[in-house]
Amino acid sequence: MNHMTTLTTLTWEERIAHYTKATGFPRNLFMGEDGRVVGTWIMGNDYRVKSTYYGGYPATYLRRIKALFPDKRRPLHVFSGKVDLEVFPGDTVDINQNLSPTYVDDAQKLETVPLEQYDLILADPPYSVEDCEHYGTSMVKRNAVMRALQGVRSGTHVVWLDQVLPMYRKDAFAVEATIGMWKSTNHRFRGITIFRRL
Ligand SMILES: C[S@@+](CC[C@H](N)C(=O)[O-])C[C@H]1O[C@@H](n2cnc3c(N)ncnc32)[C@H](O)[C@@H]1O
């Protein structure tokens, strides 16, 4: 079976078991009675951003997400910035061509990206107009990004790190997991929403 035909097969119980085994972190993800995964990650002292890029993923974030999805073969980083591809290899999309992403594209359109080729999307949008000033970009319309991401195949997961739950179509995506992320003191709280394309 090649990657084009491999779709998600693991249950969330299996994903959580793999997460604890692969990372060695405490089992702080649980199945809620509503069938959704809930959890909290406390990043503790290991919150530094290796690349030092403003708004970059804190150390261990990618390792944690990777451990949840050992079955995925074709990840795509959207709003990729200077994502650490050694930890989590994959293709990249950013609007800033100076970052040399695989695709220079606006995440609100994704017109040049063959979305159907990917089975996992990691999205890390700017959270505010102030954050955008650091990137020299305009604030994104989250619902437009979610609409563009509807182009992925059924079974593809979208891992969205933000301070806001983006608007999405309930007939296109199901929310399967919500994870709160605490960095260290004096850092903003963030939430990870994991969608599955229906
Ligand atoms: C929070 S940073 C991502 C950092 C990344 N997770 C990392 O570890 O380096 C947001 C990124 O989104 C990009 N960006 C802003 N607006 C965009 C848009 N409309 N489409 C695509 N990328 C955009 C910025 O250039 C910036 O690199």
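Q: In this predicted model, how many bridges join strand 6 (residues 120–123) to strand 7 (residues 157–162), and do the two run parallel or antiparallel?

A: Pairing is read from the bridges between two strands, of which at least two are needed. Here strand 6 and strand 7 are joined by 4 bridges, and the two strands run parallel.

Q: What is the order of the strands in the open sheet of 9 strands, and which are the edge strands?

A: Reading across the open sheet, the order is 1-2-8-9-7-6-3-4-5, and the pairing is mixed. The edges are formed by strand 1 (29–31) and strand 5 (103–104), each of which pairs on one side only.

Q: Which polar side-chain or backbone atoms lie by a nitrogen atom of the ligand, and how much of the ligand's accessible area does the protein cover?

A: For a polar contact, one looks for N or O atoms paired within 3.5 Å. An N or O atom in the side chain of D124 is 2.6 Å from a ligand nitrogen atom, a polar side-chain atom of D106 lies 3.0 Å from a nitrogen atom of the ligand, and a polar backbone atom of I95 is 3.2 Å from a ligand nitrogen atom. Of the 610 Å² of accessible area that the ligand has on its own, the protein covers 98%.

Definitions and conventions:
Residues are numbered from 1 along each chain as its sequence is written. This is a predicted model: local features need pLDDT of at least 70, side-chain atom pairs count only at pLDDT 80 or more; totals for chains, interfaces and linings use all residues. Side-chain values use heavy atoms; hydrogens and water are left out. A polar contact is a pair of N or O atoms within 3.5 Å; within protein, one must be able to donate a hydrogen and the other to accept it, and residues adjacent in sequence count only if both atoms are side-chain atoms. Accessible areas come from the Shrake-Rupley method with a 1.4 Å probe; for residues, only the protein chains shown count as cover.
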